[in-house]
Amino acid sequence: MRSQVIHNVSFHGVGTPGPEREPGEHDYWVSRDSFLRVLDECAARPEVRLSFDDGNESDVAIALPALVERDLKADFFLIAGRIGTPGNISAEGVRALVAAGMGVGSHGQGHRAWPEVPDAELGAELADARIRIAEAAGRPVDTAACPFGAYDRRVLRRLRALGYRRVYTSDRRPAAGDAWLQARFSVLADDTLDSFRAGVLSRRGPGRQLRDAAVGAVKRWR
């Protein structure tokens, strides 16, 4: 039996961003109105799975109430080193996500591209960060989202060895619902509802599907 095709949709910051912490960060912040329009579209589509990266304060201030109001669930991937710092989610906020039935996963320790992290430091990103997030959440953490969507064979091997149940990327293609590695579409600051529908929710032809599969294979095995 073929697995259900899932469209994983990823948000980052919602609302008005603070000072940019790294180049290009504001490209991923969406206005509150745009966020709510896209969220309403997602609520009508059972094939959409929602997630949020970085652990911004807006996850609790804006996203969580909107999700609860629509009876939606989402996974929140937190940067362990930012928990409790200005503009980011607090430990109390992490517990609020859990209490509302949301998933909580790891986005690493310091928002570093994992393929670029030396072996001696990768444990802090994949293992130590998970422990810190689990302590804040009050429950085990077994999912992760690769910062910047970056991964390679070494990173995937380490994630599997550490027992992560599911790992999310930013490969902008649909995913098999039961797959261990889950591609996602990131919503961008300049996305409109029309561009979101066309870029994320529209059907892909056989040629595009083959190209997506080839790109994924290269990234997994490089």
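One definition to begin: buried means under 20% relative accessible area, exposed over 50%, and partly exposed in between, with a 1.4 Å probe and protein chains only. This is a predicted model: local features need pLDDT of at least 70, side-chain atom pairs count only at pLDDT 80 or more, and totals for chains, interfaces and linings use all residues. Residues are numbered from 1 along each chain as its sequence is written, and side-chain values use heavy atoms, with hydrogens and water left out.

Overall picture. The protein chain has seven helices and nine strands. Those are DSSP runs, helices being H or I with at least four residues, strands E with at least two, numbered from the N terminus. The radius of gyration is 17 Å, close to the 17 Å that the globule rule gives for 222 residues, so the chain is as compact as a globular protein of that length. That radius is taken over C-alpha atoms, and the rule is 2.2 Å times the number of residues to the power 0.38. The C-alpha box is roughly 45 × 40 × 35 Å along the principal axes. Of the 222 residues, 50% count as buried.

Contacts next. Contact means heavy atoms within 4.5 Å. Take contacts between residues at least 6 apart in sequence: 68% of them join residues at least 24 apart.

Now the inside. A nonpolar core is a set of buried Ala, Val, Leu, Ile, Met, Phe, Trp, Tyr and Cys residues joined through side-chain atoms within 4.5 Å. The largest has 39 residues. Val-9, Phe-11, Phe-35, Leu-50 and Leu-67 have the most contacts inside it. Elements giving two or more residues to this core include β1 (5–11), α1 (32–43), β2 (48–54) and α6 (193–201). Apart from it lies another core, of 14 residues, with Trp-180 and Leu-181 among them.

What does Val-9 touch, leaving aside its neighbours within four places in sequence? Its contacts include Cys-42, Val-48, Leu-50, Phe-185, Phe-196 and Val-200.

On to α3. Its buried residues are Gly-93, Val-94, Leu-97 and Val-98. The buried residues of α3 pack against α2, β3, β4 (103–106) and α4. Just after α3, Gly-101 takes a positive phi of about 85°.

Where is Gly-84? It is in the loop between β3 and α3. Gly-84 counts as exposed because its relative accessibility is 56%. Beyond residues up to four places away in sequence, Gly-84 touches Ile-89 and Ser-90. Its C-alpha is 31 Å from that of Arg-154, 70 residues apart along the chain.

Then Arg-139, in the loop between α4 and β5 (143–145). Its relative accessibility is 33%, so Arg-139 counts as partly exposed. With residues up to four places away set aside, Arg-139 touches Val-98, Met-102, Gly-103, Val-104 and Ala-134. A polar atom of the Arg-139 side chain lies 2.6 Å from the backbone oxygen of Met-102. C-alpha to C-alpha, Arg-139 and Arg-95 are 9.7 Å apart in space, and 44 residues apart in sequence.

That's my tour. Thanks.

Terms used: Polar contact = N/O pair within 3.5 Å; in protein donor to acceptor, adjacent residues only side chain to side chain.
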